[in-house]
Amino acid sequence: MANGTLYIVATPIGNLEDMTFRAVRILKEADVIAAEDTRHSRRLLTHFGINGHLTSYFDHNKSLKGEYLLERLREGASVALISDAGTPCISDPGYQLVRDAVAAGIVVVPIPGASATVTALSASGLPTDSFTFAGFLPNRQGKRRERLTQLRDEGRVVIYYEAPHRLPATLADLLEVCGDRQIVVARELTKLFEEFVRGSVTEVLASFAHREVKGEVVLLVAPTAEMPAAVDPDDLLQRYLADPDLSFRDMVSRVAGETGAPRSEIYARALELRDALR
Ligand code: SAM
C-alpha cells in the first residue's frame with residue numbers, strides 16, 4: 001500500500017480569521033489530526049466544523065506517539081499535525097516526526113499560515129532582509145546571559161520568544177550584556193490588545209515599569225549597527241572622569257546608556273582610563 005502524507009498545518013496565533021481555506025480543507029480530509037493539546041484544539045476544530053479523529057502529540061509522548069503516527073502513515077493514512085497556535089515545529093513539537101517521516105520516505109507537505117516570528121518581524125520596523133530566530137531564552141539567569149552573550153555580535157535582528165512574566169528580567173539582562181539596543185516587543189499579535197513597543201531597551205523597560213506585561217510576547221533585538229549615531233565611549237569617559245560630582249558607578253551607567261555599549265565593557269575601559277590619568 002502507498003504511504004500516506006504528513007501535513008504540517010499552521011493555525012492562527014490569536015485571530016481565528018487567520019485560518020486559511022486550505023488548512024480547513026486539509027484538516028477536514030485528514031484521517032488523523034495530531035494536536036499538542038486535544039482539548040484546546042477541539043475548540044478550534046469545532047469552530048470550523050471539522051470533526052476529524054483527534055489524537056495527542058506533545059513533548060512528553062512524542063516518541064511513542066510518533067511511532068504510532070508513522071505506522072498510520074505507512075498504512076496509507078493521511079496525518080495532519082497542528083500545535084496550540086501558529087506553525088508546528090517552530091518552538092513547538094513536530095520536528096522529530098517530520099525528521100522520521102522524511103527518513104521513512106513519507107511525503108511531508110507544509111500548509112503555511114501564521115507564525116509569531118514572521119508576524120512580529122513584518123511590522124517591527126526593523127530590517128527584514130535577514131534575521132536570526134533564537135526561540136525561547138533559558139529560564140535561569142546564568143544560562144540566559146550566556147545565550148545573550150553568544151548572540152551579542154550577531155549582525156542581524158535576533159528574534160526571541162519570551163514568557164510575559166520573564167520579560168522585565170530578560171530586558172534587564174539584555175541591557176547589561178548587549179547594551180541599550182533598539183528593540184521591539186510585539187505583544188498579543190492579531191488579538192484585541194495587540195501592541196508594538198519600540199525603542200531602546202531603557203525606553204521599553206520604562207514603558208513596562210508601571211504595568212504588568214500580559215499576554216504573549218515576541219522580543220526583537222536590532223544589531224548594534226541599528227543604534228542611533230555612534231558616540232565614542234572614550235570621549236565621554238574622559239569628559240566624565242574630570243567631573244568630581246559624578247561617581248564612578250553613575251559614570252559607567254551613563255556612558256553605557258549613551259553609547260549602547262555593554263556595561264561590563266565600559267566598566268573595564270573606565271578603569272583603564274582612570275589608571276592612565278592618575
Ligand atoms: N509555533 C508558534 C509559532 O509559529 O509562532 C510558536 C509557539 S511557542 C510555544 C509560543 C510563543 O510564541 C509565545 O510564548 C510567544 O513568545 C509567541 N507567540 C505566540 N503567539 C503570539 C501572539 N499572538 N503574540 C505574540 N507572541 C506570540
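Start by selecting threonine 11 and showing what surrounds this residue. Leaving aside neighbours within four places in sequence, threonine 11 is in contact with Met19, Leu44, Ile82, Ser83, Asp84, Ala85, Gly86 and Ala114. You are looking at a predicted model, so please keep that in mind at every stop. Threonine 11 has its place in the loop between strand E1 (5-9) and helix H1 (21-29). Is this residue buried or exposed? At 2% relative accessibility, threonine 11 counts as buried, because the cut-off for buried is under 20%.

**Two exposed residues**

Next, select asparagine 51. Asparagine 51 sits in the loop between helix H2 (38-47) and strand E3 (54-56). With 71% relative accessibility, asparagine 51 counts as exposed. Asparagine 51 and lysine 28 are 23 residues apart along the chain, and their C-alpha atoms are separated by 7.0 Å.

For another pair, go to serine 63, which is found in helix H3 (residues 62-74). Serine 63 is exposed too, at a relative accessible area of 61%. Draw a line from the C-alpha atom of serine 63 to that of glycine 76: the separation is 20 Å, for residues 13 apart along the chain.

**Two residues with positive phi**

Most residues other than glycine have a negative phi. Here are two stops with a positive value. Select serine 91, in the loop between strand E4 (79-82) and helix H4 (95-103). Phi of serine 91 is near 50°, a positive value in a residue other than glycine. Serine 91 is partly exposed, with a relative accessible area of 31%.

Then move to glutamate 188, which you will find in the loop between strand E8 (182-187) and strand E9 (195-200). Its phi is near 55°, again positive in a residue other than glycine. Glutamate 188 is buried, at 13% relative accessible area.

**An aromatic cluster**

Show the side chains of Phe133, Phe136 and Tyr161, which form one aromatic cluster. The structure has a count of 3 aromatic pairs. One of them joins phenylalanine 133 and tyrosine 161 in an edge-to-face arrangement, 5.1 Å centre to centre with 70° between the planes. Why does this pair tie together separate parts of the chain? Phenylalanine 133 belongs to strand E6 (residues 131-136) and tyrosine 161 to strand E7 (residues 157-162), so the pair links parts that are 28 residues apart in sequence. Colour the two by accessibility: phenylalanine 133 is partly exposed at 31%, while tyrosine 161 is buried with a relative accessible area of 10%.

**Helices H6 and H7**

Now switch to a cartoon view and highlight helix H6 (residues 141-150) and helix H7 (residues 167-178). These helices pack at an angle of about 45°, with their axes 10 Å apart. That makes H6 oblique to H7. The crossing of H6 past H7 is right-handed. To see the contact, show Gln141, Arg144, Arg145, Leu148 and Thr149 in H6, which meet Ala169, Thr170, Asp173, Leu174, Glu176, Val177 and Cys178 in H7.

Select helix H9 (residues 233-241) and helix H10 (residues 248-259), which pack at about 150° with their axes 10 Å apart. H9 is therefore roughly antiparallel to H10. H9 passes H10 in a right-handed crossing. From H9, the residues Pro233, Leu236, Leu237, Tyr240 and Leu241 meet Met251, Arg254, Val255, Glu258 and Thr259 in H10. Zoom in on tyrosine 240: the charged end of arginine 254 sits over the ring, 5.0 Å from its centre.

What is the angle between H10 and H11? They pack at about 125°, and their axes are 9 Å apart. H10 and H11 are therefore oblique to each other, and H10 passes H11 in a right-handed crossing. On the H10 side, the residues in contact include Phe248, Met251, Val255 and Thr259; on the H11 side, among them are Ile266, Tyr267, Leu271 and Arg274.

For the last stop, zoom in on phenylalanine 248. Arginine 274 lies over the face of this ring, at 4.6 Å from the ring centre.

Methods
Residues numbered from 1 in each chain as written. Predicted model: local features only at pLDDT ≥ 70, side-chain atom pairs only at ≥ 80, totals over all residues. Heavy atoms only, no water. Phe/Tyr/Trp six-rings, centres within 6.5 Å; stacked < 30°, edge-to-face > 60°. Helix = DSSP H or I, 4+ residues; strand = E, 2+ residues; numbered from the N terminus. Buried < 20%, exposed > 50% of the residue type's maximum accessible area, 1.4 Å probe, protein only. Lys NZ or Arg CZ within 6 Å of the ring centre and 35° of its normal. Axes fitted to C-alpha atoms, helices over the stretch in contact; angles between N-to-C directions. Parallel < 35°, antiparallel > 145°, perpendicular 65-115°, else oblique. Left-handed = near helix turned anticlockwise from the far one by under 90°. Contact = heavy atoms within 4.5 Å.
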